[in-house]
Amino acid sequence: MSQSCKRWAPVGAVLGTLVVAVSAEARPAHKAALVGYLGSFLDKRLNDCRTCHRPDGTREGIPLQERHNPFGARLAALRAEALRAGSTGELTRLLDAVADEDSDGDGVPNLMEMVTGHFPGDADDVPNAAAVAAARKTLAEFAKSRSAYAWRPFEPVQRPVVPAVHRRGWVRNPIDAFIAAEHESRGLQPRPEAPKAVLLRRVYLDLIGLPPTPEELHAFLNDSSADAYEKVVERLLQSPHYGERWGRHWMDVWRYSDWAGFGPEVRDSQPHIWRWRDWIVESLNQDKGYDRMILEMLAGDELAPEDPDTLRATGYLVRNFKRYSREKWLQDTVEHTAQAFVGITLGCARCHDHFYDPITQHEYYQVRAIFEPHHVRIDRLPGQPDVTKDGLVRAFDAQPEVPTYLLIRGDDRTPDKSAPIPPGVPRTLGGKFPTIAPIALPRWAVTPDKRPFVIEETIAAERNGVEQARQAVTVARRRAAAAAAGTVAGTWAAPAVVRRALDAISLAEQDVTIAEGRLETLLKVLRVESLEDQGRKDSDDWKEAAKEARAAQLRQAVAEARRNLWAAERGLLPASGGKAAAKIADLQKALAQAEAEWARPPATNYKPRSLNTYPATSTGRRLAFARWLADRSHPLTARVAMNHIWLRHFGQAIVPTVFDFGRNGRPPSHPALLDWLAAEFMDQGWSMKAMHRLIVTSSTYRQASTPDPANAAIDRDNRYLWRMPPRRLEAEAVRDALLFVGGELDPKLGGPDIDHNLGLTVPRRSLYFRHAQEKQMEFLKIFDCASVTESYQRKESVLPQQALALANSELTVRLSRGLAQRLSARVGTEPVAFVRAAFEQVLSRPPTDAELAECVAFLEAPQRVASTARTPGEAAARARESLVHVLLNHHDFVTIR
Amino acid sequence: MRPSCSPCRGITRRTFLADTGMGFTGLALGAMLFRDGIARGEPASPEPDGQPHFTPKARAVIWLFFCGGVSHVESFDPKPELNKYAGKTIDDTPYKDVLHPDKLKNVIAPNPNHGGRKVLMGLNTPVRRHGQSGLAVGDWWQHVGACADDIAVVRSLWTTDNDHGAQLQWHTGRHVREGPFPTIGAWACYGLGTLNQNLPEYVVLGTPTGDCCGGEWTYGAAYLGPEYAGVRLNIDGKDPLPFVSPAGGKTRDDQEAEFSLLGRLNRLAGIDYPDDPVLRARIKSYELAFRMQTSVPETLQLEKESPATLKLYGIDQPTTRAFGRLCLVARRLVERGVRFVQIFHGGGGGGAWDAHSNIAQNHGNLSAQVDKPVAGLLRDLKQRGMLEDTLVVWGTEFGRSPGAQGTGRDHHPQGFCAWLAGGGIKPGVVHGATDEIGFHAVEHRHYVTDIHATVLHLLGLDPRRLEIPGRKRLEIDYGEPIWDIIA
């Protein structure tokens, strides 16, 4: 029994090897499991430790074996058995197994006792016959709820059977079957297919974040072929703008942030992290598998240590950099990785065992140990030696040996140093955690400064130094000539001027020698380095080269010392008052020292270059973790990703708490559909484009978004998707669409982050603008752009501030003016034609008759809107601008219907 | 603005028609409506007509909320017994039965780290009696204490969330795990509509609750629709209302003509989307935005207030300036017809008042920022005769533990306090009580929604008559007015 009690706290026994002190307390997670099992059928009285424990069983001082009541003891025994058999012994299954047993022997089965509010482990606590009779109906309802599709997000994904439905004609693909099954069981009627123009604008905005042009609209309206829509979808999925649109979505989930700080001091995230953003966009456009993307983001440096394109992906980790708190840095890394990829709130287990999910505090620190060694650095890129200006910012394991300690109550001032915590993953999440194998890094990952381009650029820089020194001589000679010409004119100061000019020539000539010496020294040192890198250290060649390098270095030191002393003696150095003499003395000493060194016999102890050198081994922890995540056996990875994708197509997720699939999250609306999508996603090689294609070509997606009272009476919140949910464009899409319909959008892809203060004038897409704490575009903030700290799901507020941004900003005013002029040039100023063209351009649909009438009336009374116009022509032009401006402010413009 | 932009609360299919019911547009619309909608027997709009259900005593509410959990035993429910037993464990006092498990069951997710503070801590601020009622108040709140005869303290509140999700619970009555529900401010505005055309009916000031603990849900409207959500005015920022005036030299008349066309077009778009709460909110947002271009800058002209008034709110002092400005702006908003002003103090993360350590310094500093401004608000409302029909509510998500957590106090949902003033509240009374050490609410226990019920009652609303078909409300959502504190 003592043994089974230990097993009863199974998550305390980590990976079956390390048994930590077993808490004898009833674990809140077990109670939560009981609540999860019975849900609303659980009597409040039973939500109590006493369901499984003796009334005094949780107090200290009671022997372990006596703490359970008969019901608890039975569960513990079954669990021990299950664990021995290799199963996880999930409490739900055990509760099913004991439902009809009578653990306390009072004549009433366990489940019946629980739904009537009596303890199944207490023979004295028993419902009377009337209560038992009354509970039969409840029990039947409970049985019905148990037979519904079992949502088991912590178990590996199994592809569910696609349900057979009556409305077969409506079913275009399995998604529709799952949706129709819910419709039919609830008496919901799907809305008819959306009008073509509505559908086109929807799928454009959804897939590329830009509306269709009038030409594209007409082409689609006129295409009567059966696959007209599918052709559009295919084209959009091939558009590079797809990567921009969905890249921004994933930037939300993966918490993209440019660097923030105080003045030039980087405190949060890192400069040049835009390369990670470009990696996201490019990966999506290439339809790189999501599994591969996970590997590259979490462990790109271990996977492809010398490939700069892959290394960019580790910007995912770099983003969490915090200058002033390694603690917070690691917390964010651990907790957001868990939320973004696994959909669990691991952060709850930082200070104590998780209350809802069976995750121990120890396991939190195991995950932390995965990330403990890593750090960030900036490697040079061709063409830019100064890494503050540009460079490849990336993650790497800087401290492979650093231990991880459990922080008592999550407080970094109280680490439990009794035992370092080994890397691992929460056992309850299952999956296959591979053996962690350290990774030997290739030399350019260890010493990136030895990469050929860096060496070439270093040599080129020295050559350039020589060239500049030579030019300086020419300049000095020209000045001396000019000074000499001045003496001909004759002034008292002349001899001094000439002397200074001649000194300047001499100094410049010495500088040439020095620059040449530097170049020569560099080349000699590189020669030694090269021999060393070939493993020929201590060979004869090496000895020879090392001696030469040392000799060159010493010679150079002497030359520089001589030059400095000479310059000081001639008063050419900026001397400060009476210290000149002292300075000269110092320089004399320096020269003497350099000459003495030079005079010594030749030796090989040359001074190596100071290079950035990093550990030659990476721990392999992150790669193992990433492989665990990106494996099909992981229960949550595909489910969580598909839920995110679904959310962004429909505006509502299947599991509403997108970052929490645990017991504290909210239950899914379509559990079987999500499992099917997850299975399909993995079978399609984790191809996002395949899943987008499937979703947007479904009948579900093609429905009209118009309301319906009969359906609303059944499902007011449209949880079961009897219509397409209309939704507001995200902040970036509002701005991008404005620029696009206004004809200003610059379609250039990628590149460094753009100053966020230029958002109203620089017509690039919004994802390219700086986005960090205190560095965000005001216009985007007003429309609920991503929170920099976390943004798993966007808000959709409707506020007067948004009205003011659209109505009053220079952006919309300028766009309206330009667009009105272009439209007038294209279709003329005749009101009907103009209004039609404006609607198609801005709202991607023709106006209705009523709208046309309103707008024509508006254009025909231009003085109302252009009260200060001086001529009728000016008034008419301004009325057209105003009309365009109104359409940019139209509810339909910011809405995906 | 002209009638074409009349306030658009409760725009339904029928009011779309009424609003645009001039000339051919109206005829065309009428034809479409007849064809498409009403004939099918759409149920009558359940929306309130903006009239109170009975005679109200308050017309506006200023709702003050202090994020993180203010110590009840050191504010408006001081416990001298804590000084007597300071340093002793609860088990060694006559009050050891407070820890009986049955008494601790209401709390959700009983966090062992947040419940086990058993060594009692003495009070960190002196206590004094104030006013004719002799209300005992911790000195951290001495300025409010001096208004004792104007306020009614409720000392017997309890809530269920042992973490800062209780901030959301205070506003909606639901645990954060249940998701968003309409806040008390949204219910008030839904039931009564606006008192003014120029400003939002529900304004939010200060830094709201952090994302962990409800975020924007603490001033949201959930299923009532976004038009009833609170509108934040960031008056602390450089730019309280960005894009406040039109670019390109547009005159107000020109802009009005544009907005008027926009309103008509948006209503036409509503033909296919009758009763779309988002569309309604959008239409309303433009009508408000038009007026806010002038009304917001005017409202924020605090320099128009007398030096005496600024001083009253502590705006002349650096410590009290920021919160004093919020309180003064709240008064000016109410004067201009805003129905519900919600002021947050210390929002973000768990909340500034979350004094797990060094409570003396934490509560000392924070109360110094807010005590005087809150008292100033009460005095100012009173001297202007506004307290008659303006209800002021002071609240926090839970109290702080009688037991010490090092130098701090822990979360404490089992018993805490709030106070109300003005707008039909009985002045100078104390209602309910916690036990001698402030652990459990023991006398006249009130769940947080009893505060909501009290507020709605004083506004003349019966929450049961604000039912929305298809939205299940629980008994506990309605609460019960605290009759003993209603005048």
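The bend at a residue is the angle between axes fitted to the seven residues ending there and the seven starting there. The model on screen is predicted, with local features needing pLDDT of at least 70 and side-chain atom pairs counting only at pLDDT 80 or more, while totals for chains, interfaces and linings use all residues. Residues are numbered from 1 along each chain as its sequence is written, and chains are lettered from A and ligands numbered from 1 in the order in which they are written.

**Helix H11 of chain A**

Centre the view on Gly247(A), where H11(A) has a kink of about 25°. Because 13 of its 14 residues are buried, H11(A) is largely enclosed by the rest of the structure. Buried means 20 or more other C-beta atoms within 10 Å of a residue's own, exposed means 12 or fewer, and partly exposed lies in between, with C-beta atoms placed from the backbone. Just past the helix, select Arg255(A), whose phi is positive at about 65°.

Next, go to Val165(A), in the loop between helix H6 (129-147) and helix H7 (174-186) of chain A. Val165(A) is partly exposed because 18 other C-beta atoms lie within 10 Å. Residues up to four places away in sequence aside, Val165(A) touches Val171(A), Ala177(A), Ala180(A), Ala181(A) and Glu184(A); contact requires C-beta atoms, placed from the backbone, within 7 Å.

Move to Glu372(A), in the loop joining helix H17 (361-371) and strand E5 (374-379) of chain A. Glu372(A) counts as buried, since it has 25 C-beta neighbours inside 10 Å. Beyond neighbours within four places in sequence, Glu372(A) is in contact with Leu330(A), Val402(A) and Thr404(A). Leu330(A) is 42 residues away in sequence and 7.2 Å away in space, C-alpha to C-alpha.

Glu774(A) sits in the loop between helix H29 (731-741) and helix H30 (778-782) of chain A. Glu774(A) is a non-glycine residue with a positive phi, near 65°, and is exposed, having 10 other C-beta atoms within 10 Å.

**Chain B**

Switch to chain B, which has 13 helices and 15 strands. Of its 487 residues, 57% are buried.

Select residues 127-130 and 135-138 of chain B: strands E2 and E3 pair in the antiparallel sense over four bridges, where pairing takes at least two bridges found by DSSP. Val127(B) has Gly138(B) as its bridge partner in E3(B). Four residues separate the strands of this hairpin, and Gly131(B) has a positive phi near 65°.

Then find Ala222(B), in the loop between strand E5 (202-205) and strand E6 (231-232) of chain B. Its phi is near 45°, positive in a residue other than glycine. Ala222(B) is partly exposed, with 18 other C-beta atoms within 10 Å.

**Where the chains meet**

Finally, show both chains: 50 residues of chain B are in contact with 49 residues of chain A. On the chain B side, the elements giving two or more residues are helices H2 (23-36), H7 (252-269) and H8 (277-299). H7(B) gives the most, with 11 residues.

Methods
Contact = placed C-beta atoms within 7 Å.
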